[in-house]
Amino acid sequence: MLNKSWIYVVLTSLFELVWVYGFNTASEWWHWVLILCVIPFDLHFLAKACENLPTGTVYAIFAAAGTVGTALMDVFLFDRQLTTGKILFMIVIVAGVVGLKLSDEQQTEGVTN
């Protein structure tokens, strides 16, 4: 059950990037319809992930994947510059998410022992 929840985390993160990409590129009405169709799936996967994982961890990963993914999308798809500052702060975000996940594991171990 736990592994399936992590798949939901990956799916919600990917769907978030899809609709954010759509916000940058949509130019026709049907593009916006597609975006509006993707957002409920994104939120559904987010809710499913939260059923068996700590909500704080899920949301932190969701937000970090969205932030880092969007920054990388800017660089690789929209020819924006990747600066040292962007790299540094993406590392800080990822380190924060890893730290949050590790602290959740320590908290869980403390409850079960």
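**Entry 1: fold order.** I read the elements from the N terminus on and got α-α-α-α. My tally for the protein is 4 helices and 0 strands; here helices (H or I, at least four residues) and strands (E, at least two) are DSSP runs, numbered from the N terminus. I am working with a predicted model, where local features need pLDDT of at least 70, side-chain atom pairs count only at pLDDT 80 or more, and totals for chains, interfaces and linings use all residues. Residues are numbered from 1 along each chain as its sequence is written, and side-chain values use heavy atoms, with hydrogens and water left out.

**Entry 2: overall dimensions.** I looked up the C-alpha trace, which spans about 55 × 35 × 15 Å along its principal axes. For contacts (heavy atoms within 4.5 Å), I noted that 70% of those with a separation of 6 or more join residues 24 or more positions apart.

Entry 3: The protein exposes about 7400 Å², an area from the Shrake-Rupley method with a 1.4 Å probe. Carbon and sulfur atoms supply 69% of that surface. I also found 5 positive and 9 negative side chains, taking Lys and Arg as positive and Asp and Glu as negative, with His and the chain ends not counted. The centres of the two sets lie 2 Å apart, with each charge placed at NZ of Lys, CZ of Arg, CG of Asp or CD of Glu.

**Entry 4: the cores.** Of the 113 residues, 29% count as buried, meaning under 20% relative accessible area (1.4 Å probe, protein chains only). Next I looked for nonpolar cores, that is, sets of buried Ala, Val, Leu, Ile, Met, Phe, Trp, Tyr and Cys residues joined through side-chain atoms within 4.5 Å. Which residues make up the largest nonpolar core? I listed 12 residues in all: Y8, V9, F45, L46, A49, L53, V58, A60, I61, F62, A64 and V97. Two or more of them come from each of α1 (2-25), α2 (29-52) and α3 (55-78). Helix α3 gives the most, with 5 residues. A second, separate core has 6 residues, including V20, A26, I35 and M73.

**Entry 5: two residues up close.** Leaving out residues up to four places away in sequence, F62 touches T12, S13, E16, D42 and L46. Then I turned to T57, which is found in helix α3. Is T57 buried or exposed? T57 counts as buried because its relative accessibility is 2%. With the sequence neighbours up to four places away again left out, T57 touches W6, L100, K101 and D104. From T57 to V9 I noted 9.9 Å, C-alpha to C-alpha, although they are 48 residues apart in sequence.

Notes:
Buried < 20%, exposed > 50% of the residue type's maximum accessible area, 1.4 Å probe, protein only.
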